[in-house]
Amino acid sequence: MTDTAQSAPATDPELLDALREQVHGDLPRTIADLSALVRIPSVSWSAFDASAVRRSAEAVAGLARDTGVFESVRIVRSAVSGDTPDGASEAEGTEHAGVELGQPAVLAVRPARNGKPTVMLYAHHDVQPQGDDALWETPPFEPTLRGDRLYGRGASDDKAGVMTHIASLRALHARFGDDLDLGIVLFVEGEEEFGSRSFRTFLREQKEHLAADVIVVADSDNWSTEVPAITVSLRGNVTFKLTVTTLEHASHSGMFGGAAPDAMLPMVRLLSSLHDDAGSVAVEGLTAYDAPVPARSEDELAADAALVSGVRPVGTGDVLSRMWFQPSITVTGMDVPSVTNASNTLLPTVSARVSVRVAPGQSATDAAAAVERHIRAHTPFGARVELSEPDAGDGFLVDTSGWAVKEARTAMAEGWGAEPVEQGIGGSIPFVSDLAAEFPEAQILVTGVEDPDTRAHSPNESQHLGVLHRAVASETILLARLATRA
């Protein structure tokens, strides 16, 4: 993407050396604390043990208190529904009967002094389920060091993001102590992987404490293990359960096959209609975003995405445009009999989970409507279709013209020893658009600790420790620059 940000003045050399030395000396402690967080199986999905998420929140709150930075540190749960009355949240264990609460978040606050800005540091402490244990080369919740990578579920996404904030605050406190005038809000969410169901309620109820001039979201990717990135665009997302029904009950496939349509037949044809022969999305009304992208070959894509030999990439146009700026549709699951349990019957009902990535610039609501119109117009044989369990979030385009982006670019260059790349991300962080809507004057920086080999959400997730080191150094320098900004 085009470089629209001018570099800010370099950091004072003496201060820079002191910060780097502090971060480097504290790295073993940072890795040990990250390992302790990974051992907590804080899966926020409703089918998993909620007490683990609570323990994770308590551990993060303890780390926040130990930084010595904050005047207050609280564990807060907000109501899932945005329609609940104010005051229906839980703080430090207070229960509210009849109100469904989201997972616990950590909120720590240090007010600004002497006219200095306030920065909000966001990360999340919940993780994805581990999936099939057989696919892991090491136990998913036992942090394992192999070479320069720490393996484990959440080791990168996003407990390394949590530790980037914690380690940066430790280094900042070691340098400035009680003379720190920078306002700091630490917000560590507990249900990002479960759709941030209480996020909007939380923002509304805690708005006074969350207000900031700069928001740093540590939940994204880097260009490589040696080159940092600032994420400047995110795709939105629309997900739903698609159910196709053709029969009142299962019937013998030999007796009725060839005349009575089983549910799988219209489901397959309906899903096939979502793409053209090149594999591009073929849903009228889904838009693309037009912006230049860095060059990346299909061979590089094949290596990064681990395509099986002989498999060709899908779609048309620049590779990164397909991943960042064009819509995509993926079937992420299906409810059908397993091969082992298959019988010679016509299936009456089949369900699929469909995930749509929406190009930045298009609202998730408009995209969802376009997909539903397509499905209803392309359903064959008069099959009955139902769309249920919807979830949606808007994409985001970062304004790179503000002073905070310039400060971040300088801090990254000084922390990594390499100029950052401005990149788009094909994934979605829907709450970023919520933050922008609630705090329209705030400048949002989307950073992170992942790299192309992290495998977030997949078996064998890992955190490159060199990236973690450089990410902590960069954020520490950024906070110091904000603290000394005139």
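**Fold, cores and selected residues of the predicted chain**

Leu265 is placed in helix α8 (residues 264-272); helices (H or I, at least four residues) and strands (E, at least two) are DSSP runs, numbered from the N terminus. The model is predicted, with local features requiring pLDDT of at least 70 and side-chain atom pairs counting only at pLDDT 80 or more, whereas totals for chains, interfaces and linings use all residues. Residues are numbered from 1 along each chain as its sequence is written, and side-chain values use heavy atoms, with hydrogens and water left out.

Leu265 counts as partly exposed because its relative accessibility is 37%; buried means under 20% relative accessible area, exposed over 50%, and partly exposed in between (1.4 Å probe, protein chains only). Between Leu265 and Thr246, 19 residues apart in sequence, the C-alpha to C-alpha distance is 9.5 Å.

Ser56 belongs to helix α3 (residues 50-66). With a relative accessible area of 0%, Ser56 is buried. Neighbours within four places in sequence aside, Ser56 is in contact (heavy atoms within 4.5 Å) with Ile40, Ser42, His125 and Lys159. The C-alpha atom of Ser56 is separated by 9.8 Å from that of Val106, 50 residues away along the chain.

The chain contains 14 helices and 19 strands. Its C-alpha trace spans about 80 × 55 × 45 Å along the principal axes. Of the contacts with a separation of 6 or more, 82% are between residues 24 or more positions apart. Buried residues account for 53% of the 486 residues.

In soluble globular proteins, nonpolar side chains tend to be buried together. A nonpolar core is here a set of buried Ala, Val, Leu, Ile, Met, Phe, Trp, Tyr and Cys residues joined through side-chain atoms within 4.5 Å. The largest such core has 86 residues, and Phe70, Val119, Met120, Ile184, Leu210 and Leu435 have the most contacts inside it. Helix α14 (residues 465-483) contributes the largest share of this core, 11 residues. Apart from it lies another core, of 24 residues, including Val283, Ala352, Val354 and Ile375. Residues up to four places away in sequence not counted, Met120 touches Val185, Phe187, Leu210, Ala212, Val214, Ile215, Val216, Leu435 and Phe439.
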